[in-house]
Amino acid sequence: MKLFVLVFVAACCTQVFAQDDIEKVRYLRPAGATFAVECEFTLKKTKTGSSIESVTGRGKTKLIIAARYDSHDLLTSAEAILVRDDKKTAASVSVAAGKAKIQREGQAAQEFDVPRGVIVTSAPDWTDTFLLCRRYDRKLGGKQSFPGLWIHAEQPSQRMTFAIERGGAAAIDHSGKQVTLERCTIWLRGNSQYAAWIDNTGKMIKLVPLPFQENALNWLVLDGFEKSTAGLRP
């Protein structure tokens, strides 16, 4: 009987863990003649909701942005953690009745409305571009807007709107196969613009700031696509 109970419990635990869908994505930035890791995303989906965490590194500075959503894609909590020279500062987000309360140490709390699917991001952080590419409705087309919540450990938070619009396509040769990517224009905080190339699953493959500069070093590429996207231009 004890053996049966142990087997039953183990089977149930295995089933629960199997239901968690975890995805990790890494992006690189040019660093001279090679590339360096710019950011990494970890996405997790369960029966009760989802979460996304981004880690962006610049030398001795690291910024972590994490956001959690319920099964209806409503934000439940979030945080921004800034680590600079081993000193850590943070901003925490709690949500109640559709309102997000952002608290930074030593500062008065801020409150904003947070609609369904609000994108939590910061700077330097690429969660906004990453999720805009995934959420763009190709059947609907046109310019589409999404709510955003910009948070930072040292700066005031902002509620804003991001936008993305499809503007063409490009074919690349990747691992010996022809792959067609959609090209989109993205509008972020301060109306800054970017060109993004997206595959048919909504995954962002390459991102460059606009206006495009041929020798710029501030663009991103999905790990593994450095060579196959080298010729892409907006």
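**View 1. The charged end of lysine 206 lies over the ring of tryptophan 219**. In this predicted model, the distance from the charge to the ring centre is 4.6 Å. A charge is said to sit over a ring if NZ of Lys or CZ of Arg is within 6 Å of the ring centre and within 35 degrees of the ring normal. Lysine 143 likewise lies over the face of tryptophan 187, 3.9 Å from the ring centre. The model is predicted, and local features need pLDDT of at least 70, side-chain atom pairs count only at pLDDT 80 or more, and totals for chains, interfaces and linings use all residues. Residues are numbered from 1 along each chain as its sequence is written, and side-chain values use heavy atoms, with hydrogens and water left out.

**View 2. Tyrosine 27 and phenylalanine 41 form an edge-to-face aromatic pair**. Five aromatic pairs occur in the structure; rings of Phe, Tyr and Trp (its six-membered ring) pair if their centres lie within 6.5 Å, and planes under 30 degrees apart count as stacked, over 60 as edge-to-face and the rest as tilted. In this pair, the centres are 6.1 Å apart and the planes are at 85 degrees. Tyrosine 27 belongs to strand E1 (residues 21-31) and phenylalanine 41 to strand E2 (residues 34-46), so the pair ties together parts 14 residues apart in sequence. Strands (E, at least two residues) and helices (H or I, at least four) are DSSP runs, numbered from the N terminus. Both tyrosine 27 and phenylalanine 41 are buried; buried means under 20% relative accessible area, exposed over 50%, and partly exposed in between (1.4 Å probe, protein chains only).

**View 3. Tryptophan 126 and tyrosine 194 also form an edge-to-face pair**. Their ring centres are 5.8 Å apart, with 85 degrees between the planes. Tryptophan 126 lies in the loop between strand E9 (119-121) and helix H2 (127-135), and tyrosine 194 in strand E13 (residues 193-198), so the pair ties together parts that are 68 residues apart in sequence. Tryptophan 126 is buried because its relative accessible area is 10%, and tyrosine 194 counts as buried at 15% relative accessibility.

**View 4. Leucine 217 is exposed**. This residue lies in the loop between strand E14 (204-210) and strand E15 (220-222). Leucine 217 counts as exposed because its relative accessibility is 53%. Its C-alpha atom is 37 Å from that of aspartate 70, a residue 147 positions away along the chain.
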